[in-house]
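This report describes selected side-chain features of one protein model. Please consult the sequence and the structure shown here alongside the text.

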Amino acid sequence: MAKETAPRWDRRMQQRLARGEAAALGELYDRFAALVHSQAYRMLDDEDAADLVTREVFSQAWENPEAYDPKQGSMRSWIAKLTHSRSVQRLRRAAAFSYAAEHGEDAAPDPEELERRVRCATAAARADYIVSSMPAPLRQALKLAYIHRRDYRQTAADLGVTEDEARRRLRLGLQLLSTANARPLDGASPPGYGRVR
(Lines give C-alpha, C1' and ligand atoms only; values in the text may rest on other atoms or scores of the structure.)
Protein backbone atom coordinates (compact mmCIF):
# COMPACT_ATOMS: atom_id res chain seq x y z
CA MET A 1 0.00 0.00 0.00
CA ALA A 2 1.48 3.34 -1.01
CA LYS A 3 2.00 5.94 1.65
CA GLU A 4 0.02 9.15 1.47
CA THR A 5 1.88 12.21 0.37
CA ALA A 6 2.62 14.69 3.10
CA PRO A 7 0.13 17.52 3.59
CA ARG A 8 0.97 20.84 2.00
CA TRP A 9 1.80 22.38 5.39
CA ASP A 10 4.43 19.72 6.03
CA ARG A 11 6.14 20.24 2.68
CA ARG A 12 6.07 24.02 3.04
CA MET A 13 7.45 23.79 6.56
CA GLN A 14 10.35 21.66 5.36
CA GLN A 15 11.12 24.19 2.61
CA ARG A 16 10.96 27.12 5.03
CA LEU A 17 13.27 25.36 7.49
CA ALA A 18 15.69 24.55 4.66
CA ARG A 19 15.76 28.27 3.75
CA GLY A 20 16.63 29.07 7.36
CA GLU A 21 13.43 30.96 8.24
CA ALA A 22 13.52 31.48 12.00
CA ALA A 23 9.75 32.07 11.99
CA ALA A 24 9.30 28.54 10.63
CA LEU A 25 11.14 27.08 13.60
CA GLY A 26 8.90 29.08 15.94
CA GLU A 27 5.79 27.80 14.16
CA LEU A 28 7.07 24.23 14.25
CA TYR A 29 7.81 24.58 17.96
CA ASP A 30 4.39 26.06 18.70
CA ARG A 31 2.70 23.22 16.88
CA PHE A 32 4.67 20.26 18.27
CA ALA A 33 6.44 21.26 21.50
CA ALA A 34 3.71 19.81 23.73
CA LEU A 35 3.82 16.52 21.81
CA VAL A 36 7.62 16.30 22.05
CA HIS A 37 7.81 17.20 25.71
CA SER A 38 4.99 14.87 26.78
CA GLN A 39 6.40 11.96 24.78
CA ALA A 40 9.90 12.51 26.16
CA TYR A 41 8.59 12.89 29.70
CA ARG A 42 6.50 9.73 29.35
CA MET A 43 9.59 7.77 28.31
CA LEU A 44 12.10 9.32 30.72
CA ASP A 45 9.97 10.29 33.74
CA ASP A 46 12.26 13.28 34.23
CA GLU A 47 11.23 16.88 33.57
CA ASP A 48 14.78 18.16 32.98
CA ALA A 49 15.58 15.30 30.61
CA ALA A 50 12.33 15.93 28.72
CA ASP A 51 13.28 19.61 28.40
CA LEU A 52 16.68 18.63 26.98
CA VAL A 53 15.14 16.19 24.52
CA THR A 54 12.70 18.89 23.41
CA ARG A 55 15.56 21.30 22.71
CA GLU A 56 17.54 18.57 20.91
CA VAL A 57 14.61 17.58 18.69
CA PHE A 58 13.90 21.12 17.51
CA SER A 59 17.60 21.79 17.08
CA GLN A 60 17.88 18.68 14.90
CA ALA A 61 14.82 19.70 12.86
CA TRP A 62 16.33 23.18 12.37
CA GLU A 63 19.78 21.92 11.42
CA ASN A 64 18.66 18.99 9.22
CA PRO A 65 15.23 19.68 7.70
CA GLU A 66 16.20 17.61 4.66
CA ALA A 67 16.16 14.53 6.90
CA TYR A 68 12.36 14.72 6.83
CA ASP A 69 11.04 12.48 4.05
CA PRO A 70 7.44 13.36 3.17
CA LYS A 71 7.03 9.90 1.62
CA GLN A 72 7.48 8.33 5.06
CA GLY A 73 4.66 10.21 6.78
CA SER A 74 3.67 13.51 8.27
CA MET A 75 5.89 16.12 9.88
CA ARG A 76 4.19 15.25 13.18
CA SER A 77 5.25 11.63 12.80
CA TRP A 78 8.81 12.65 11.91
CA ILE A 79 9.01 14.86 15.00
CA ALA A 80 7.69 11.94 17.07
CA LYS A 81 10.39 9.72 15.54
CA LEU A 82 13.12 12.20 16.47
CA THR A 83 11.71 12.43 19.99
CA HIS A 84 11.60 8.67 20.35
CA SER A 85 15.16 8.26 19.12
CA ARG A 86 16.55 10.98 21.41
CA SER A 87 14.59 9.66 24.39
CA VAL A 88 15.84 6.11 23.87
CA GLN A 89 19.43 7.36 23.64
CA ARG A 90 19.01 9.36 26.85
CA LEU A 91 17.29 6.43 28.61
CA ARG A 92 20.15 4.10 27.71
CA ARG A 93 22.81 6.61 28.78
CA ALA A 94 21.06 7.28 32.07
CA ALA A 95 20.72 3.55 32.80
CA ALA A 96 24.39 2.92 31.99
CA PHE A 97 25.51 5.88 34.11
CA SER A 98 23.31 4.85 37.04
CA TYR A 99 24.45 1.24 36.87
CA ALA A 100 28.13 2.23 36.64
CA ALA A 101 27.76 4.57 39.62
CA GLU A 102 26.23 1.79 41.67
CA HIS A 103 28.41 -1.14 40.54
CA GLY A 104 31.70 0.43 39.51
CA GLU A 105 32.94 2.37 36.54
CA ASP A 106 33.54 -0.60 34.26
CA ALA A 107 30.20 -2.28 35.02
CA ALA A 108 27.46 -2.30 32.41
CA PRO A 109 23.74 -2.87 32.95
CA ASP A 110 22.10 -6.11 31.86
CA PRO A 111 21.23 -5.58 28.18
CA GLU A 112 17.99 -7.55 28.51
CA GLU A 113 16.83 -5.42 31.44
CA LEU A 114 17.76 -2.25 29.59
CA GLU A 115 15.84 -3.35 26.49
CA ARG A 116 12.84 -4.26 28.65
CA ARG A 117 12.88 -0.73 30.07
CA VAL A 118 13.15 0.75 26.59
CA ARG A 119 10.25 -1.42 25.37
CA CYS A 120 8.06 -0.41 28.31
CA ALA A 121 8.88 3.29 27.90
CA THR A 122 8.28 3.06 24.16
CA ALA A 123 4.93 1.32 24.55
CA ALA A 124 3.79 3.94 27.08
CA ALA A 125 4.88 6.80 24.83
CA ARG A 126 3.28 5.15 21.82
CA ALA A 127 -0.01 4.75 23.69
CA ASP A 128 0.08 8.45 24.60
CA TYR A 129 0.83 9.33 20.98
CA ILE A 130 -2.01 7.14 19.71
CA VAL A 131 -4.49 8.70 22.14
CA SER A 132 -3.40 12.25 21.24
CA SER A 133 -3.62 11.41 17.52
CA MET A 134 -6.99 9.68 17.48
CA PRO A 135 -10.14 11.59 16.54
CA ALA A 136 -11.72 13.55 19.40
CA PRO A 137 -14.91 11.41 19.56
CA LEU A 138 -12.85 8.26 20.22
CA ARG A 139 -10.62 10.04 22.73
CA GLN A 140 -13.67 11.42 24.59
CA ALA A 141 -15.30 8.00 24.79
CA LEU A 142 -12.12 6.40 26.15
CA LYS A 143 -11.67 9.19 28.68
CA LEU A 144 -15.21 8.77 29.98
CA ALA A 145 -14.96 4.99 30.15
CA TYR A 146 -11.46 4.57 31.56
CA ILE A 147 -10.69 7.73 33.47
CA HIS A 148 -14.17 8.62 34.70
CA ARG A 149 -15.17 4.94 34.96
CA ARG A 150 -18.39 5.21 32.98
CA ASP A 151 -19.91 2.13 31.37
CA TYR A 152 -20.92 2.29 27.71
CA ARG A 153 -24.49 3.34 28.58
CA GLN A 154 -23.30 6.24 30.72
CA THR A 155 -20.70 7.12 28.09
CA ALA A 156 -23.44 7.21 25.43
CA ALA A 157 -25.59 9.47 27.60
CA ASP A 158 -22.68 11.81 28.41
CA LEU A 159 -21.74 12.07 24.73
CA GLY A 160 -25.31 12.32 23.48
CA VAL A 161 -24.95 9.33 21.15
CA THR A 162 -26.61 5.94 20.89
CA GLU A 163 -25.32 3.04 22.95
CA ASP A 164 -24.25 1.30 19.74
CA GLU A 165 -22.24 4.36 18.73
CA ALA A 166 -20.62 4.54 22.18
CA ARG A 167 -19.63 0.86 21.94
CA ARG A 168 -18.27 1.41 18.42
CA ARG A 169 -16.15 4.36 19.57
CA LEU A 170 -14.81 2.46 22.55
CA ARG A 171 -14.03 -0.61 20.47
CA LEU A 172 -12.25 1.42 17.79
CA GLY A 173 -10.29 3.41 20.38
CA LEU A 174 -9.20 0.21 22.12
CA GLN A 175 -8.21 -1.36 18.80
CA LEU A 176 -5.96 1.62 18.11
CA LEU A 177 -4.45 1.43 21.59
CA SER A 178 -3.81 -2.30 21.23
CA THR A 179 -1.17 -1.47 18.61
CA ALA A 180 1.01 0.27 21.20
CA ASN A 181 2.96 -2.94 21.85
CA ALA A 182 2.70 -4.29 18.31
CA ARG A 183 5.57 -2.41 16.66
CA PRO A 184 9.09 -3.87 16.49
CA LEU A 185 11.67 -1.89 18.40
CA ASP A 186 14.48 -1.71 15.91
CA GLY A 187 15.15 1.96 16.46
CA ALA A 188 13.68 2.80 13.06
CA SER A 189 9.98 2.67 13.95
CA PRO A 190 9.06 5.08 16.70
CA PRO A 191 5.66 5.72 18.22
CA GLY A 192 3.21 6.13 15.42
CA TYR A 193 5.63 7.02 12.64
CA GLY A 194 3.66 6.87 9.44
CA ARG A 195 0.81 4.91 11.02
CA VAL A 196 -1.64 7.00 13.05
CA ARG A 197 -3.09 10.06 11.37
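## Terms and basis

A residue is called buried when its relative accessible area is under 20%, exposed when that value is over 50%, and partly exposed in between, using a 1.4 Å probe and protein chains only. Areas follow the Shrake-Rupley method with a 1.4 Å probe, and for residues only the protein chains shown count as cover.

The model is predicted: local features need pLDDT of at least 70 and side-chain atom pairs pLDDT 80 or more, while totals for chains, interfaces and linings use all residues. Residues are numbered from 1 along each chain as its sequence is written, and side-chain values use heavy atoms, with hydrogens and water left out.

Helices are DSSP runs of H or I with at least four residues, numbered from the N terminus. A salt bridge requires a side-chain nitrogen of Lys or Arg within 4 Å of a carboxyl oxygen of Asp or Glu. Helix α8 spans residues 163–177 and holds R167 and D164, which are three residues apart and therefore separated by about one helical turn. These two side chains form a salt bridge, with the closest N and O atoms 2.2 Å apart. R167 is partly exposed at 31% relative accessibility, whereas D164 is exposed at 54%.

A second pair in helix α8, E165 and R168, is likewise three residues apart, about one turn of the helix. Its salt bridge has a closest N to O distance of 2.7 Å, and R168 is partly exposed at 38%.

## A link between α3 and α4

By the rule given above, the salt bridges number ten. One of them joins R86 and E56 at 3.8 Å, N to O. R86 belongs to helix α4 (residues 75–103) and E56 to helix α3, so this pair ties together parts that are 30 residues apart in sequence. R86 is partly exposed, with a relative accessible area of 24%.

## A negative surface patch

D45, D46, E47 and D48 form a negative surface patch. Such a patch joins like charges within 9 Å, among residues with over 30% relative accessible area and no salt bridge; Asp and Glu count as negative, and their charges are placed at CG and CD respectively. D45 is in the loop between α2 (22–44) and α3 (47–63), and is exposed at 60%.

T155, in helix α7 (residues 152–159), is buried, with a relative accessible area of 0%. Neighbours within four places in sequence aside, T155 contacts (heavy atoms within 4.5 Å) A141, L144, A145, R150 and A166.

Technical notes
Patch = residues over 30% accessible without salt bridge, like charges linked within 9 Å, V, L, I, M, F, W, Y side chains within 5 Å. Helix = DSSP H or I, 4+ residues; strand = E, 2+ residues; numbered from the N terminus.
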